[in-house]
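Subject: Structure for your review

Hello,

Here is the structure I said I would pass on. My notes on it follow below.

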Amino acid sequence: MPSYLFWLFSTIMLIGGTAVIAFRNPVSSALSVVTCFVGLSGLFIGLSAFFVGVIQILVYTGAVMVLFLFIIMLLDLKDEQKRAKGLAPALAGFTLFIAFMVQLIGVLSRTPDKTAPPLDAATLTAAATAFPSGGKIAANLAEGRLPDVHLIGHTLFTQYNLPFQILGVLLLVATIGVVALSKRHAE
Amino acid sequence: MASLNDYLLVSGLLFAIGLAGVVLRRNIIVVFMCLELMLSAANLSLVAFSRFNTVNGLPDYNGQMLVFFVITVAAAEVAVGLAIIVALYRARQTIHTDELTSLKG
Amino acid sequence: MNLAWILLFLPLAVAAVCQLVLRKSAIVPLVSTASAVATLVISFLLLGKTGIHSFNWATIGDFNLQIGIQLDRLSTGMMIVVTGVGTLVHIFSLAYMKDDEGKARYFTGLSLFMFSMTGIVLANNFIMTFIFWELVGLSSYLLIGHWYQKDSAADAAKKAFLCNRVGDFGFMIGILMLWGITGTLAFSDMEVPAAVSTATLSAAVLCIFCGAIGKSAQLPLHVWLPDAMEGPTPVSALIHAATMVAAGVYMLFRVQLSLGTEVFEGLQASAIIAWTGGITALVAALMAIQQDDIKRVLAYSTLSQLGYMVMAVGLVAGEAGMFHLFTHAWFKALLFLGSGAVIHACHHEQDIWKMGGLLKKMPITGITFFLGFAALIAVPFTSGFFSKELILEAAHEKQPILFWIAAFVAVLTPFYMTRLFVVAFLGKAKSANADHAHEVSPLMFVPLVILAVLAVVGGYGFVNSFAPAAPGHAGEFHLNFLFWVSAIALVVGAGAGFILYAGKDKDPLSIPLLKNRFYIDGFYDNYIVRYFQDAFAAIVHFFDEFLINGLLVGGLSRGAASTGNLFRKLQSGQLQGYAFSFGLGVILVIYFTVFL
């Protein structure tokens, strides 16, 4: 990904993130989150993680944030009228932010930097030999394309099959839990 | 070309923004959104690691698997969390953390 | 041996039955008296028996607590005194307490006392002695306070109890010290290791002597005994003249025998004991001179005689002391019961200056009282004469100064007793109550007669074989220096008393110092009780309220509570507060893992 695109999407994402905590209206915050996630998925796609980028848009922006908006509307929340008492919370948040960033920069300055390994047609063709020939993955790789969805599916259903099933159970439990929680109890 | 540290820095910034938001904001739904930001920041660094560490010339898909799981769990968490917030609002008529201090010792 | 156990527990069983089953039934006095007679019979059957019978009561590690009975001449002889006087007092009480509302309670108390006293006498170890020692204190308390509706009686009971407690505290320490020194509590096994210094042993003996000071009312804890006269007169005769107050002497003599007389003689403690006894005898006799209450005169004379006995034990002439205890028990019980008869006849008048002429009105009581009086002032050939001679002899041999003190007491005794007898029994009736007095019923005078006989003949060989102990030459008569000293003392004392008081209506002598009992009671009340009690109460209060309650108990709880309060502040209930702490924690963890 060209550098200017990286900085573009990064800026969109960070501005969106900052806007989340800057806006006082929750609806504005939610829309800022959407903005932030759009920038984020741009970064994902720039990292050749096409499937994750699409999922980020579909699940987060499409489903989760809509759910948020839905709840905000449902509760009919007004603006956060009361300013937080004094400077203490702002100071606390800022302190954490600064401390965290100082540490992050400290860590990053110690670790050797890395540039992205090439993902051109030659490496992909070379990688095709690790997969059964005749399969879609091998065919795509041989043609110099990255079959991202296929590779994820392959890993998910072979290496991560059990966790995947358990995740399904988790979602079921969450569904039941939500139903139980939102049911009005008889007085 | 952006290097790994650039991605990690951006990811860390987003995480820190989320953390500051959690501490700063009083609306519990916004706090919840900030949590999502923090999770996404973690996702970004996972994807970056996946791309910058290749296996057989391909990105390391183990990292993306984790992202996949995180997104799923986050979705479940959001569903349950929002249900709790709704129940809370029904019981207390507020979702401002200033007014939810019954755990005060 | 079984007889001995019956002897011990019969009175307890009777007391329990009376208290729990019969309650206020009219047969309680009869049951109690019957048990007293039975114990007297058993005591006679046990005469001459020896042996120790004991069983373990509690075992703690290698420490055994025993309940046991020791039969020897000392204990069986003492049992004769206890049950003999006890029986006569029971019989006397039948008449004396006939109209009392609480007579069931009274007789139950008497039975309880008989049990406790028997326990002290028969005990074979110190712990058992101590238990029964406290029990006699309790029964004495109950009986002194029999007429608890009267404030003076309730106060006297309390005073007796407290004085005894003071002494018993020392007694307990002494028992523990002796246990530490000899390693045993049984009288028969007691052996003093050679390594023990006489000072240590002396301290132990002195602590034990504290118990005797309390129970036998020696200086400075004598104050309870005169006040104890608030109790019914038969109780005074039984407990506060003949038996319980003698328990201190008995126990001292036991200790002396257990440790061995040679060991005992070598102790500094023995001299202190002897001097305490001698001074008590003197001071009490002086106080008796100016008392107007017939029972109080007798009480002080009891103190004085107990002083003699303690002095004898201190001079390592315990046999003489025990012999005096034996004779004294009879004639003092007689005097007390006689005074009871007088008080009964005079409608509870106790002031001797309101009596007079009683010898004519109640001849049997008067004559028996005279015989007891004669024995007390040691008229030759009465029992008191023989026993007092032996004590004087011991003093003469060992401690000349004490001998002259004792001789002076022998002048004082006839003086105040003559005063009592002349004022109360001779001359004219000085009040209407005395004028209307008449002879008491046979139930009352029969015990008097029996006691009068014993008071006279108690010193002779055939009777003193029953005595707990007696020197070999007891009951023998010699015309020696000692005889002349006591004869002159008797004549001087009695003569002076007769001349001074015959035909008088008022006390010609007035010595405030003696009348007020050397101000000792006042001193106790005004200084010890007021200041020490308050100061002590303040100290105890300080300990209890401040140290224990405030610091230990309260301090712990307050410490926990304030720590909790401190940490409670952290629990603000503010979600963001927790999140902030959490964030800080994460940052710290990163710092420690990455940068350190």
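This is a predicted model: local features need pLDDT of at least 70, side-chain atom pairs count only at pLDDT 80 or more; totals for chains, interfaces and linings use all residues.

Helix pair in chain C

Helix H16 (residues 363–376) of chain C packs against helix H18 (residues 400–425) of chain C at an angle of about 170°, and their axes are 10 Å apart. H16(C) and H18(C) are therefore roughly antiparallel to each other. On the H16(C) side the contact is made by C:Gly366, C:Phe369, C:Phe370, C:Phe373 and C:Leu376. They meet C:Thr413, C:Met417, C:Phe421 and C:Phe425 in H18(C). Sorted by class, this contact has 7 nonpolar residues, 2 polar ones and no charged ones.

Helix H13 (residues 294–314) of chain C has 21 residues, and its first and last C-alpha atoms are 30 Å apart, close to the 30 Å expected at 1.5 Å a residue. H13(C) is mostly covered, with 21 of its 21 residues buried. Just after H13(C), C:Val316 has a positive phi of about 55°.

Helix H3 (residues 73–96) of chain C has 24 residues, which should span 34 Å at 1.5 Å a residue; the end C-alpha atoms are 33 Å apart, in agreement with that. Of the 24 residues of H3(C), 22 are buried, so this helix is largely enclosed by the rest of the structure.

Chain A

Chain A has 8 helices and 0 strands, and its pattern along the sequence is α-α-α-α-α-α-α-α. Of its 187 residues, 29% are buried. Taking the contacts in chain A between residues at least 6 apart in sequence, 40% join residues at least 24 apart.

Contacts of chain A with the other chains

How many residues of chain B are in contact with chain A? There are 63 on the chain B side, in contact with 69 residues of chain A. The elements of chain B that each give two or more residues to this side are helix H1 (4–24), helix H2 (28–52), strand E2 (58–59) and helix H3 (61–92). H3(B) provides the largest share, 20 residues. By class, the chain B side divides into 44 nonpolar, 13 polar and 6 charged residues.

Regards

Technical notes
Residues are numbered from 1 along each chain as its sequence is written. Chains are lettered from A and ligands numbered from 1 in the order in which they are written. Two residues are in contact if their C-beta atoms, placed from the backbone, lie within 7 Å. Helices (H or I, at least four residues) and strands (E, at least two) are DSSP runs, numbered from the N terminus. Ala, Val, Leu, Ile, Met, Phe, Trp, Tyr, Cys and Pro count as nonpolar, Asp, Glu, Lys and Arg as charged, and the others, Gly among them, as polar. Axes are lines fitted to C-alpha atoms, for helices over the stretch in contact, and angles run from 0 to 180 degrees between N-to-C directions. Angles under 35 degrees count as roughly parallel, over 145 as roughly antiparallel, 65 to 115 as roughly perpendicular and the rest as oblique. The expected span of a helix is 1.5 Å times one less than its number of residues. A residue is buried if 20 or more other C-beta atoms lie within 10 Å of its own, exposed if 12 or fewer, and partly exposed in between; C-beta atoms are placed from the backbone.
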